[in-house]
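Here are my notes on this one, point by point. Have the model open while you read.

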Amino acid sequence: MVISHRLHRFLSWCADSDIPELLTLAETIDAWWPETLAFITTSVTNARTEGTNRLIKDAARVAFGFRNLTNQRHRVRLHCTHQTINMPAA
């Protein structure tokens with residue numbers, strides 16, 4: 001109840017000010033409110049997953065020219081975990 005009251009007060013304050021940046025901020029807060037409220041009430045976030053996703057995409061861009069899919073996967077894993085991969089002896 002307190003959270004919804006404070007949100008309403010904030011959004012009203014932004015709407016009453018004739019500052020375009022505050023209106024944009026209020027729209028962004030309003031659009032992302034379900035996710036924000038979920039974090040406030042549960043303290044659970046997907047930041048680690050998003051960070052790993054970014055690392056995978058960066059590594060995939062760097063390894064774009066690899067012709068061997070196994071080597072590309074190894075490069076992504078190395079980039080994301082900073083660990084070497086022990087290859088089995090042939």
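**Notes on the model**

1. Arg61 and Asp58 join their side chains in a salt bridge, 2.8 Å from N to O; the term means a side-chain nitrogen of Lys or Arg within 4 Å of a carboxyl oxygen of Asp or Glu. Because they sit 3 residues apart in helix H4, about one helical turn separates them. Helices here are DSSP runs (H or I, at least four residues), numbered from the N terminus.

2. Some ground rules: this is a predicted model, with local features needing pLDDT of at least 70 and side-chain atom pairs pLDDT 80 or more, while totals for chains, interfaces and linings use all residues. Numbering runs from 1 along each chain as its sequence is written, and side-chain values use heavy atoms, leaving out hydrogens and water.

3. Asp58 also pairs with Arg54 (2.9 Å, N to O), and both lie in helix H4 (residues 47-62), 4 residues apart. That links Arg54, Asp58 and Arg61 in a network of salt bridges. The whole structure has 2 salt bridges.

4. How exposed are the partners? Arg61 counts as exposed at 57% relative accessibility, while Asp58, at 25%, is partly exposed. The classes are buried under 20% relative accessible area, exposed over 50% and partly exposed in between (1.4 Å probe, protein chains only).

5. Over in helix H2 (residues 20-31) you'll find Glu27, exposed at 56% relative accessibility.

Definitions and conventions
Helices (H or I, at least four residues) and strands (E, at least two) are DSSP runs, numbered from the N terminus.
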